[in-house]
Amino acid sequence: MDHFSDVELKIGNTNLLHMLIKLLPQIDYLKTSECIKKALYHGVNVNEPDEKNITPFFYLLKNQQKLLNNELIHYILEN
């Protein structure tokens, strides 16, 4: 099955993007950013707040200096 929308992508108030974006500085940036793009393509909400009322996009901006580049930020803004 290749449809993210058919699968529950949340644990509590944390969606898949929260989890992936928090991993970005620690694991393979290119593979993780591709997973993030696929999740976005399949409708995972980049603006959905977690239990701390923080969105995945905010986490990405907060960790911007640790990223290889700003390509992922631009991708989210353009899509």
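What follows is a chat about a predicted model of one chain.

Colleague: What does the secondary structure of the chain come to?
Modeller: There are four helices and two strands. Read from the N terminus, the order is β-β-α-α-α-α.

Colleague: And how many of the residues count as buried?
Modeller: The chain has 79 residues, and 37% of them are buried. Its accessible surface is about 5,200 Å², with 54% of that belonging to carbon and sulfur atoms.

Colleague: Switching to Asp50. Where does Asp50 lie?
Modeller: In the loop that runs between helix 2 (29-41) and helix 3 (56-62).

Colleague: Is Asp50 buried or exposed?
Modeller: Asp50 is buried, and it has no salt bridge. Lys22 is the nearest side chain of opposite charge, at 4.2 Å.

Colleague: Which backbone nitrogen lies 2.9 Å from a polar atom of the Asp50 side chain?
Modeller: That of Ile54.

Colleague: What else does Asp50 touch, leaving out residues up to four places away in sequence?
Modeller: Asn13, Thr14, His18, Lys22 and Tyr59.

Colleague: Now helix 4. Which of its residues are buried?
Modeller: Helix 4 spans residues 71-78, and its buried residues are Leu72, Ile73 and Ile76. They cover an arc of only 105° around the axis, so they sit on the same side of helix 4.

Colleague: What do those buried residues of helix 4 pack against?
Modeller: Helix 2 and helix 3.

Colleague: Which exposed residues are on the face turned away from the buried side of helix 4?
Modeller: Leu77 and Glu78.

Methods
Residues numbered from 1 in each chain as written. Predicted model: local features only at pLDDT ≥ 70, side-chain atom pairs only at ≥ 80, totals over all residues. Heavy atoms only, no water. Buried < 20%, exposed > 50% of the residue type's maximum accessible area, 1.4 Å probe, protein only. Lys, Arg positive; Asp, Glu negative; His and termini not counted. Salt bridge = Lys/Arg side-chain N within 4 Å of Asp/Glu carboxyl O. Polar contact = N/O pair within 3.5 Å; in protein donor to acceptor, adjacent residues only side chain to side chain. Contact = heavy atoms within 4.5 Å. Arc of directions from axis to C-beta. Areas by Shrake-Rupley, 256 points an atom, 1.4 Å probe, with all protein chains shown as cover.
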